Amino acid sequence: MVLTTYAKSTGECIRAIAVHRRLLLALIKRELSDEYVSHGLSIGWTFIHPLVLMLVYLFLFTEVFVTRVTVIPGSGADAVVYLLSGIIPWLAISQVMGRSAMSVVGNSAIVKQMSFPLELLPIKTLAGPFMFAGVSLVFLIAYGLWVTGGTILPAYLLGLPPLIIITSMQLAGLALLLGCLQVFVRDLKEFINVFLTIGLFIHPILYLPNAIPAAVRPIIYLSPFSYLIFCWQDVLFYGEVGWIWPWVISTAFAVLFFMLGARIFVVTKNHFGDFL
Amino acid sequence: MIASPTIMQALELGRPPEIAICLDSVSKAYKLYDRPFNFFKEALTGRSYHRDKVVLSDISLTLKRGEILGIIGRNGAGKSTLLKIIAGTLAPSQGAVTVKGRVAAILELGTGFNPNYSGRDNVILSALMRGMSEDAVRRKFDGIVAFAGLEDVIDEPFHTYSSGMQARLAFAAATAVDADVLIIDEALSSGDLRFAARSLRRIHEICQSGVTALFVSHVPYHVMQLCSRVIWIDDGRIRMDGDPIEVARAYEYEMLQAVARDEGRVLTGPSAVKATQEIETSTSAPHQAPPPAPHRPLRPVSTDAPIVPTPDVGGVIKTDPDAPATQPSNIEAIDPIEENVGAEAAGDTIQVSTGGVVEASTVDQDSVNDVSVDEPLVNGSEIQERSERASIRRVSTGLYRISKVQFSDKTGRHTNIFKFGEPMQIEVLYERLASELPGQSCGLAVTFSRVDDFAAVMHFNTSDVYSNEQIRSYFNKALESRLIRAGTIEAIIEPLQIRAGEYYVSIGILADQSQAQEFYDYLHCRYRIKVLANGFDEPCVFYPVVQWTNGPIKVVK
């Protein structure tokens with residue numbers, strides 16, 4: 001019963017996106033160029049930013065913090081690959097959370113003045129983070145192939161497509177959820193900021209899960225994003241699925257987030273105008 | 001207003017026009033939450049955590065396809081909320097909204113425009129956001145730019161445009177959308193005069209193309225020009241619904257009243273209404289002459305049912321799109337001034353000097369043989385309604401009161417029909433109501449407004465100085481005695497320089513003092529006169545008195 005209403009809302013949401021896909025595409029194009037419009041290099045910055053960041057990380061982890069992360073058993077790749085395979089999804093998650101929360105509130109004019117498929121507002125905020133992550137990923141894959149001499153390639157080919165789908169779904173649901181919650185809970189943005197500040201440390205990104213005291217280890221497993229990061233590390237670093245549970249849990253969260261986000265968005269979107 | 005083709009076609013085909021918009025007792029109350037989070041508390045617990053702010057209450061409205069509805073009302077009356085509910089950007093708290101077809105809402109110009117992008121990019125994206133297909137955008141793009149007149153600068157960043165250019169482009173882009181229902185909120189007030197005219201024409205075209213349109217404006221003129229029906233929203237309710245001119249007139253009057261209130265002037269209270277009513281009943285009792293024609297029937301406020309065509313009893317030159325096209329196209333008998341000439345007798349203290357009440361039957365049948373005076377006898381309910389309507393059109397301080405107004409032509413006959421170029425005399429009888437003595441005697445202010453659109457075409461004011469002030473001498477008499485209880489002001493307009501047509505006449509008495517602003521008594525568009533053509537009819541409203549001579553001429557030898 002409850003499930004059918006959720007499924008219905010989800011279907012409604014997906015349909016709205018599908019029907020307006022051309023508009024979504026135009027909005028995404030605009031979203032990507034928005035930050036750099038009337039800049040000399042314009043869309044070029046979309047590539048320069050992640051590349052510079054990746055090079056900085058590479059320099060830091062190979063030249064400055066060499067001793068901190070060295071040998072990780074069970075992988076042909078080096079520590080840099082491990083670190084980046086956690087950092088890249090985390091950057092995407094944090095960018096989506098930060099932007100999508102403002103996606104509805106920041107477009108109050110459109111919400112109030114136009115008959116417009118509002119679902120597109122949070123969804124289009126995925127574009128920037130995905131672009132950033134995509135460029136970083138290409139960099140990392142190139143580096144990983146070089147370091148491992150190509151042995152990790154099958155993992156990329158088999159693992160990446162499903163993982164990208166799972167991640168997209170999770171983030172889309174999250175964007176819908178945060179986008180509409182922010183309308184009613186204005187403090188949300190601050191909670192998100194706090195979470196993002198500590199997020200790099202409470203997720204197993206810069207360390208291995210078993211490298212921290214057992215007493216605080218459950219914290220890692222409280223966050224749904226830890227499992228997603230495990231999955232990314234499986235594909236990009238280990239080159240194999242070492243443990244099936246992160247995949248199952250991530251998939252479950254993807255479905256949960258998306259259905260919950262779609263449901264709440266569809267139910268509340270008619271009331272946005274009253275609160276903006 | 002010209003009926004839109006769809007309705008006419010539908011009428012010809014003998015089937016009722018399709019309903020495009022239907023609002024069934026729609027109410028909107030904004031829920032005010034002290035904290036937005038209370039919305040969730042409410043959703044979760046089912047307990048109420050909000051206060052209601054009612055914006056619209058029980059609005060029922062049915063619009064047929066092709067109908068052009070104007071919405072007027074003061075700020076905060078709920079006009080925009082209503083539009084947003086129909087546009088679907090707000091959900092009603094109660095009631096049902098049915099809108100058939102695609103809706104294009106122009107609630108605010110320039111939504112979604114980014115100043116950093118070029119005009120081209122902005123037009124394309126905003127058109128897409130308004131639901132246009134890419135093909136349609138490509139097809140219409142040149143037309144949009146041409147309409148805005150920005151061909152030369154369309155690729156430059158939007159922020160380099162002047163605000164007028166920005167508004168023009170936004171308007172052009174917004175109105176290019178194909179839609180079945182078009183909603184426009186105050187979009188005409190931008191741009192220079194030329195653009196304003198052009199955008200009005202654009203909206204006109206759109207309205208003619210058969211879409212159903214809703215149109216909010218503070219300018220009654222626009223509403224009257226564009227709409228086939230007007231509703232007046234006041235305090236979230238439909239105050240009046242019907243013929244554009246009637247509704248706009250009532251609205252305009254109320255706005256004047258509000259202005260008067262702001263300026264601290266007293267208004268006629270209910271007692272005055274009652275007095276008027278009694279007097280009118282008593283004066284029309286003998287029925288010596290046919291009483292005035294009934295005025296246009298106003299539609300009842302509730303429009304749950306489809307609107308029944310209202311026959312045009314008054315014979316005003318108007319085409320009601322609902323009415324079958326059986327109406328004669330030529331000008332019929334004018335609605336002989338709601339209450340007719342001089343029917344405004346009130347108060348037992350007036351001294352009616354001469355003539356008495358003159359009825360429309362005194363209209364010279366020879367000079368106006370195309371006029372058929374065919375009026376039913378007045379009945380009680382009509383008097384009742386008439387005096388109610390009369391009462392709302394009066395702004396008074398209670399110091400003086402206009403007791404009677406008479407219009408007469410060159411022969412001295414009381415009439416409301418005049419010929420262009422001939423003299424017109426206006427005689428205003430007033431009485432003093434207050435016991436205290438005013439500082440000045442009374443002056444007169446008269447405005448003629450064209451019936452079609454309320455444009456004021458002629459105004460004069462006896463208390464403002466004009467070089468050869470003939471009129472002034474008329475009321476020096478009133479100055480002579482401060483004990484006067486009543487008096488008369490006569491003004492002669494000779495020649496009558498407004499062209500053929502029908503005009504409302506507003507009459508006010510005020511302190512006879514230059515730049516006097518406050519009326520002792522003011523009757524807004526209370527009288528209606530008709531001016532007949534005399535000689536050639538010119539497409540203008542005012543004909544100046546011109547003297548000319550032929551200068552020296554050269555002749556070929």
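**Starting out.** I'm working from a predicted model here. I began with chain B and looked up its secondary structure, which comes to 12 helices and 18 strands. Then I checked burial: chain B has 557 residues, and 44% of them count as buried. I also looked at how far apart along the chain the contacting residues sit. Taking contacts in chain B with a separation of 6 or more, I found that 74% join residues 24 or more positions apart.

**A helix in chain B.** Next I picked out α6(B), which runs over residues 163-175. Going from the first C-alpha to the last, I get 18 Å for its 13 residues, close to the 18 Å expected at 1.5 Å a residue. I wanted to know how enclosed α6(B) is. A residue is buried when 20 or more other C-beta atoms lie within 10 Å of its own. By that cut-off 10 of the 13 residues are buried, so α6(B) is largely enclosed by the rest of the structure. I listed the buried ones too; among them are Gln166(B), Arg168(B), Leu169(B), Phe171(B) and Thr175(B).

**Where A meets B.** Last, I turned to the contact between the chains. Chain A puts in 22 residues and chain B 26. On the chain A side, the elements giving two or more residues are α2 (21-34), α5 (108-113) and α13 (272-275). I noted that α5(A) gives the most, with 5 residues. Sorting the chain A side by residue type, I got 11 nonpolar, 6 polar and 5 charged.

Technical notes
Residues are numbered from 1 along each chain as its sequence is written. Chains are lettered from A and ligands numbered from 1 in the order in which they are written. This is a predicted model: local features need pLDDT of at least 70, side-chain atom pairs count only at pLDDT 80 or more; totals for chains, interfaces and linings use all residues. Helices (H or I, at least four residues) and strands (E, at least two) are DSSP runs, numbered from the N terminus. A residue is buried if 20 or more other C-beta atoms lie within 10 Å of its own, exposed if 12 or fewer, and partly exposed in between; C-beta atoms are placed from the backbone. Two residues are in contact if their C-beta atoms, placed from the backbone, lie within 7 Å. Ala, Val, Leu, Ile, Met, Phe, Trp, Tyr, Cys and Pro count as nonpolar, Asp, Glu, Lys and Arg as charged, and the others, Gly among them, as polar. The expected span of a helix is 1.5 Å times one less than its number of residues.
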